[in-house]
Each structure stands twice: as structure tokens, then as C-alpha cells.
Amino acid sequence: MRYSLTSLLKQTLTGHKGWTPQWRDAAPKAEYDIIIVGGGGHGLATAYYLAKEYGLRNIAVLEKSWIGSGNIGRNTTIIRSNYLLSENISLYELSLKLWEGLEQDFNYNAMVSQRGVLNLYHSDGQRDAYARRGNMMRLNGADSELLDREGVRKLYPFLNFDAARFPIQGGLLQKRGGTVRHDAVAWGYARGASDRGVDVIQNCEVTGIDIVDGRAVGVQTSRGAIRAKKIGLAVAGSSSRVAAMAGMRLPIESHVLQAFVSEGLKPVIPGVITFGAGHFYISQSDKGGLVFGGDIDGYNSYAQRGNLPVVEDVCEGGMALMPAIGRARMLRNWGGLVDMSMDGSPIIDRTHVKGLYLNAGWCYGGFKATPGSGFVFAHLLAKDEPHPAANRLLLDRFLSGHIVDEKGQGAQPNLH
Ligand SMILES: Cc1cc2nc3c(=O)[nH]c(=O)nc-3n(C[C@H](O)[C@H](O)[C@H](O)COP(=O)(O)OP(=O)(O)OC[C@H]3O[C@@H](n4cnc5c(N)ncnc54)[C@H](O)[C@@H]3O)c2cc1C
């Protein structure tokens with residue numbers, strides 16, 4: 001069923017009785033050409049582009065829980081391509097371009113809102129670093145604008161300019177960045193993939209990977225064994241656990257990242273703001289809630305909930321940046337499992353097991369990559385070679401030392 005004004009009018013006139021489920025509730029078959037493990041944003045987008053771009057239909061997405069239960073439904077919805085290294089900008093910019101046409105492409109309202117992402121700077125050194133980053137973005141085809149203090153004040157007069165411990169000097173603005181309704185992204189891709197013949201299978205946990213003579217030939221699941229010619233792993237925070245089923249030890253640690261939302265308020269924050277002197281970022285959802293977050297909890301965990309020290313740290317960051325936030329009541333907070341790679345950049349590659357492919361290492365920032373990641377992972381699975389936009393995001397960079405070290409801080413799992 002195609003969504004349009006006409007279909008909406010028709011349903012309105014007939015009491016909304018004709019809406020059909022958005023995707024088929026498929027049961028597993030005995031064999032597929034391609035199995036994608038993980039029904040998060042990346043897994044679903046991969047299946048969608050495999051079907052749409054390469055005409056492949058005999059595909060299953062296996063999700064241990066329900067669609068949208070992982071990070072795709074837990075993130076703070078920010079999209080941007082404001083990276084420093086060409087290797088990252090090329091992927092995230094591809095993704096941003098896909099976001100720009102996504103709703104028309106998959107015929108679903110994902111509320112893509114290019115409301116601008118502003119990274120604040122608070123020192124001369126930070127300004128120079130942002131100027132460099134902005135130049136790199138422009139050289140790689142992304143948009144960026146360096147604002148001075150008055151430029152920031154015009155956009156966000158309520159920030160703490162005058163009595164701040166770290167006075168705001170300016171900011172790096174990416175106007176094409178913004179927010180997207182995260183659940184709708186999962187649903188839109190699930191629907192688009194299912195319409196093209198992909199089986200989206202929920203409540204189907206992969207418990208083992210069958211390997212014969214160095215080739216992956218299928219998976220064991222909570223709903224029985226399923227054979228496959230190719231298997232793509234897209235399980236985000238569970239990457240190390242699932243890859244271990246194929247005897248792999250990944251350069252990834254799983255950490256908890258929390259997010260917070262306030263009660264609904266009238267519109268106060270038009271775009272996305274990140275604090276440059278602490279780990280805090282904020283935007284406002286279309287329902288009016290202030291959506292904000294900060295740093296990871298800082299210990300390895302597979303629990304999708306966090307602890308109080310980070311709640312305090314994030315709220316302190318918020319108060320330092322915009323003291324008015326102290327008057328808003330926090331409605332709820334939650335945690336997700338992020339797959340922190342050792343150089344802060346993702347991994348999209350084949351593995352040492354033939355027919356087994358890996359999509360992982362998204363750290364804090366894989367939501368914005370969802371369309372791009374799906375697009376390039378589909379290319380890798382279909383053609384057996386990396387897409388040009390991701391041909392440096394390979395696993396063996398950790399072996400050779402050619403890491404994609406976005407922050408220039410060396411190997412540690414606290415980068416994004
Ligand atoms: C609090 C928070 C805020 C964030 N904010 C942002 C942001 O603003 N912008 C941004 O770009 N990124 C953000 N991120 C990161 C982003 O959400 C993730 O990097 C991205 O969603 C990960 O990809 P995914 O959607 O495929 O993951 P997921 O949705 O987690 O998908 C992985 C799926 O694999 C399934 N799975 C795991 N093991 C198995 C198994 N054995 N068998 C079958 N299925 C399995 C899981 O159930 C899960 O549904 C945030 C993350 C968190 C937690």
C-alpha cells in the first residue's frame with residue numbers, strides 16, 4: 001500500500017479500516033541467499049538496498065527482539081556529516097544525501113528535519129580545530145560555516161554567554177545536519193524491504209554461526225537452523241558477542257550510552273547544539289521534549305540501562321551551557337548499547353570466514369549513518385567488494401596500524 005494524500009483521504013472516508021500492517025510478519029524459511037543478523041536501522045537498510053539496488057529478494061533479516069528495540073529506537077536522532085577525516089566524511093556525507101531523499105524514496109514520513117547542527121567552541125585552539133574540520137568538510141563536499149560569538153548569539157540568544165565558566169566564542173554550523181524520527185526510519189526500511197520480498201523476522205535470535213571448511217553456510221537460531229549463502233552481521237552493541245560465534249575477537253568494546261528527555265515545552269531550541277567544553281548536546285523533538293545526552297557510562301556492559309554519575313554529569317553540562325534548562329523537568333532517561341571501535345570509526349568489511357560480512361563499530365554515531373551504512377553494506381554483500389565511500393573502513397586497519405583515528409587520540413574506546 002502506497003502512502004499518499006489520496007490514500008489518507010480514502011481511509012478517512014472509510015473509517016480507517018483499510019490500513020494494512022506495515023510489513024509482513026514472516027516466518028523463517030529453511031534457506032536464504034542472504035541473511036542479515038540484526039533488525040536495527042543498519043540491518044534493515046542493508047536489506048532494503050539489497051532488494052532495491054541489486055534486485056535481490058531471497059533475503060531474511062533476523063531480529064532477536066522486535067524491530068526498533070535496539071539503538072535505532074534509543075538514539076537522540078541527530079544526523080550530520082561534520083567529521084574531520086575524508087574516510088569518515090565520505091560515508092557520512094553519502095548518508096546525509098540519502099537522508100535528503102529518503103522519505104520520497106521509501107514512501108514513509110521519517111520527519112527528516114535539516115534544522116542545523118552547531119558545535120560550540122570556547123577557546124582559540126578549539127576554534128582553529130573547528131576551522132580545520134570545516135575546511136575538510138568543504139573539501140569533501142559537505143557544508144560548513146564557522147560562526148563567531150555574535151553569529152551564535154543571533155541563533156541561540158538564551159545560551160550562557162556572559163557568566164559562563166567557559167565563555168562561548170563561536171561555533172561550527174552544519175545547516176544540512178538536523179534530526180530524523182528514529183523509529184520511523186526502522187519502520188520505513190522494514191516496510192520497504194518487506195514490500196520487495198525480504199522476510200523481516202522478529203523474535204529470532206541467532207545463537208550460532210555454522211561454518212564448514214572456512215565458509216559460513218548458515219545460522220542456528222531460537223527458531224531453528226537456517227542455511228544461507230551469505231551472512232551479514234549488523235548487531236551494533238552485540239557485535240563482539242555475535243562475532244565470537246564465528247571465532248572472531250573484534251577491536252570493539254560495548255558500552256552504555258544514555259539519553260534524556262524533558263517534559264514537552266513550547267518551541268525553544270530550533271536546531272541541535274553541542275557544548276564544546278563538556279560532553280552535552282541538545283535538541284528539541286517535534287513533541288516539545290528537550291532531547292539531550294552526553295558521554296558513555298565508561299564501563300563495559302551489555303545492559304541497556306545506565307547509572308547515576310552520568311545523569312549528574314550530563315545535567316551539569318546542560319546547566320553550564322543554558323542555565324534555563326534547570327527549570328525543565330526531566331521526563332525519562334534510557335540507555336543503549338554502543339559498539340565502540342578502537343579508533344572511533346566504523347568497520348564494514350568481509351571477514352576471515354568466507355561469506356561472512358561485518359558491519360560494526362558505530363560508537364555514539366551510527367544513527368546518522370543508517371542509510372549510508374545500509375547502502376555500502378549492501379554493495380559489499382552483493383558485489384563482494386567495498387563501496388568506494390567505505391573502502392578505508394576495513395577490519396585489517398587494526399592489524400596494519402592504518403587506523404582511521406578521527407580524533408587523533410590513539411586506540412581507546414572513548415571516541416566518536
Ligand atoms: C542513547 C543513544 C543516543 C544516540 N544518539 C545518536 C545520535 O544522536 N546520532 C547518531 O548518529 N547516533 C546516535 N546513537 C548511535 C546509534 O543509535 C547507533 O550507532 C545505531 O543505531 C546502531 O545501528 P543499528 O540501528 O543497526 O543498531 P540496533 O538498533 O541496536 O540494531 C542491532 C540489532 O541487533 C539485534 N541483535 C543483537 N544480537 C542479536 C542476535 N544474536 N540475533 C539477532 N539479532 C540480534 C538487536 O536486538 C538489535 O535490534 C545513539 C545511541 C544511543 C544508545
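Q: Hi! What kind of model is this, and how are residues numbered?
A: It is a predicted model, where local features need pLDDT of at least 70, side-chain atom pairs count only at pLDDT 80 or more, and totals for chains, interfaces and linings use all residues. Residues are numbered from 1 along each chain as its sequence is written, and side-chain values use heavy atoms, with hydrogens and water left out.

Q: Thanks. How many helices and strands does the protein have?
A: There are 10 helices and 18 strands. Both are DSSP runs numbered from the N terminus: helices are H or I with at least four residues, strands are E with at least two.

Q: What share of the residues is buried?
A: Buried residues account for 55% of the 416. Buried means under 20% relative accessible area, exposed over 50%, and partly exposed in between (1.4 Å probe, protein chains only).

Q: On to the ligand. Which residues come nearest?
A: Glu-63, Asn-71, Thr-76, Tyr-364 and Lys-368 do, out of 38 residues around the ligand. A residue is near a molecule or strand if one of its heavy atoms lies within 4 Å of it.

Q: Which backbone atoms sit by ligand oxygens?
A: A backbone N or O atom of Asn-71 lies 2.8 Å from a ligand oxygen, and a polar backbone atom of Gly-41 is 2.9 Å from one. For Ile-72, a polar backbone atom is 2.8 Å from an oxygen atom of the ligand. On its own the ligand has 1,000 Å² of accessible area, and the protein covers 96% of that. Those areas come from the Shrake-Rupley method with a 1.4 Å probe; for residues, only the protein chains shown count as cover.

Q: How does the shell divide by residue type?
A: It has 18 nonpolar, 15 polar and 5 charged residues. Here Ala, Val, Leu, Ile, Met, Phe, Trp, Tyr, Cys and Pro count as nonpolar, Asp, Glu, Lys and Arg as charged, and the others, Gly among them, as polar.

Q: Which element gives the largest share of the shell?
A: Strand β12 does, with 3 residues. α2 (41–54), β12 (252–264) and β16 (330–341) each supply at least two.

Q: You mentioned β12. What does Gln-258 do there, and is its side chain buried or exposed?
A: Gln-258 is in strand β12 and is buried, at 2% relative accessible area. Its side chain makes a polar contact with the side chain of Asn-333 at 3.0 Å. A polar atom of the Gln-258 side chain also lies 2.9 Å from the backbone oxygen of Asn-307. A polar contact is a pair of N or O atoms within 3.5 Å; within protein, one must be able to donate a hydrogen and the other to accept it, and residues adjacent in sequence count only if both atoms are side-chain atoms.

Q: Last one: where is Asp-213, and what is its phi?
A: Asp-213 lies in the loop between β9 (206–212) and β10 (215–221), with phi near 50°, a positive value in a residue other than glycine. Asp-213 is exposed, with 79% relative accessible area.
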